[in-house]
Amino acid sequence: VDLGTDVPGEKLVGAVKEHQADVLGLSALLTTTAAGMESTIKHLERDGIRDKVKVMIGGGATNTNYAKQIGADAYGETAVDAVGIVKELLS
């Protein structure tokens, strides 16, 4: 499900609940938007569903260290990488 760009954390959490998502993928191309990823993870925690969904991040403004820093489960450098990572996360 593609929710588009500049989606607030509350809306992302709502979509995770509605679609019973196993994985939430977040992408940021600008460092100013990468901060929203951490906020989204905090929204998942507040709503008590963080343990039910894997969070994978990517995009030019992110890296493996940032993924660890914000509590994401994985980082994918490219969309092709993401496919393999999702398979690993769900196995």
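**Exercise 1.** Where is the place of Asp22? Then state how exposed Asp22 is and what Asp22 is in contact with.

*Solution.* The model is predicted, with local features needing pLDDT of at least 70 and side-chain atom pairs counting only at pLDDT 80 or more, while totals for chains, interfaces and linings use all residues. Residues are numbered from 1 along each chain as its sequence is written, and side-chain values use heavy atoms, without hydrogens and water.

Step 1. Asp22 sits in the loop between helix 1 (9-19) and strand 1. Helices (H or I, at least four residues) and strands (E, at least two) are DSSP runs, numbered from the N terminus.

Step 2. Asp22 counts as partly exposed because its relative accessibility is 48%; buried means under 20% relative accessible area, exposed over 50%, and partly exposed in between (1.4 Å probe, protein chains only).

Step 3. With neighbours within four places in sequence left aside, Asp22 is in contact with Lys52, Val53, Lys54 and Leu90, where contact means heavy atoms within 4.5 Å. The C-alpha atoms of Asp22 and Leu89 are separated by 9.2 Å, although the two residues are 67 residues apart along the chain.

**Exercise 2.** Describe the sheet and the pairing of its strands.

*Solution.* Step 1. The sheet is open, has 3 strands in the order 1-2-3, and its pairing is parallel; two strands pair if DSSP finds at least two bridges between them.

Step 1. Strand 1 (23-27) and strand 3 (74-76) are at the edges with a single partner strand each, so one side of each has no neighbour in the sheet. From one strand to the next the twist averages 25 degrees. Axes are lines fitted to C-alpha atoms, for helices over the stretch in contact, and angles run from 0 to 180 degrees between N-to-C directions.

Step 2. Strand 1 and strand 2 pair over 5 bridges, and Ser27 stands opposite Gly58 in strand 2. Strand 2 (residues 54-58) and strand 3 pair over 3 bridges; Gly58 has Gly76 as its bridge partner in strand 3.
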